[in-house]
Amino acid sequence: MSRGSSGIVAGLTAAALVAVGVLAFQASANAPDNLAAPKPKASSSATATEHAKPKEKSRPTALPAGSGTGKRVVYALADRRVWLVDAAGEVTRTFEVMPSTLNPLPGSYQVNTPRSGAPTKGSDGVMIEHVVRFAMVDNIAVGFSAAVDGSMQSPDPTLKTGGVRMSRADGDAMWDFAMVGTKVVVVP
């Protein structure tokens, strides 16, 4: 092969490599994200801020089995959820709640004191309304209520509080549903 033809071959090879590189770049820029290479996992020496936050636990909305019969309020401690169940056993409403620092043991209770609809200060110092009490734990009344400002913040774990908080709309529904003597079933 002559010197001229080897130069042509070298030039064509270089041009082909450039073309392949350009095409590869364009293909990677237009590739769907699900085809991307997996990202490396953080090493065990990574700091806590580099770790992904744990996923929020999925909270089921189906009425827990074995929660009784007839008209009742069902409060699932682990699921942080309440169901309002009518006399026919039909769920009329379900919603998430923020538990208090004191929880009653699983079992059956009743709305046991005159309900208080007027805004008042809760055991955690938050202004609340529509208080529906149903249990006592460590001499602290436990009941459902809604913060007047609509908040559902986690209670201070250093305080003994009995307020199971819900949104104001859910507090209105609880207020209309749970009269004195209404059964409250607490499940794990």
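An open sheet of five strands is arranged in the order β3-β2-β1-β9-β4 with mixed pairing, where strands are DSSP runs of E with at least two residues, helices are runs of H or I with at least four residues, both numbered from the N terminus, and two strands pair if DSSP finds at least two bridges between them. The structure is a predicted model, in which local features need pLDDT of at least 70 and side-chain atom pairs count only at pLDDT 80 or more, while totals for chains, interfaces and linings use all residues. Residues are numbered from 1 along each chain as its sequence is written, and side-chain values use heavy atoms, with hydrogens and water left out.

In the five-stranded sheet, β3 (91-96) and β4 (107-110) are the edge strands, each pairing on one side only, and the twist from one strand to the next averages 20°. Strand β2 (residues 81-85) pairs with β3 in the antiparallel sense over five bridges, and W83 stands opposite T94 in β3.

Strand β7 (residues 140-147) pairs with β8 in the parallel sense over four bridges, and S145 stands opposite R165 in β8.

The largest pocket has a volume of about 200 Å³; a pocket is an open set of points on a 1 Å grid over the protein atoms alone, where a 1.4 Å probe fits, with protein on both sides within 12 Å along at least five of seven lines, and lining residues have an atom within 4 Å of a point. Of the 14 residues lining the largest pocket, D124, V126, Q153, S154 and R165 are the closest to its centre. The second largest pocket, with a volume of about 170 Å³, is lined by 15 residues, of which S123, I128, V131, R133 and A141 lie nearest its centre. The largest share of this second lining, five residues, comes from β7.

Methods: Grid points are joined across faces, edges and corners, and a volume is the space filled by probe spheres set on the points. Axes are lines fitted to C-alpha atoms, for helices over the stretch in contact, and angles run from 0 to 180 degrees between N-to-C directions.
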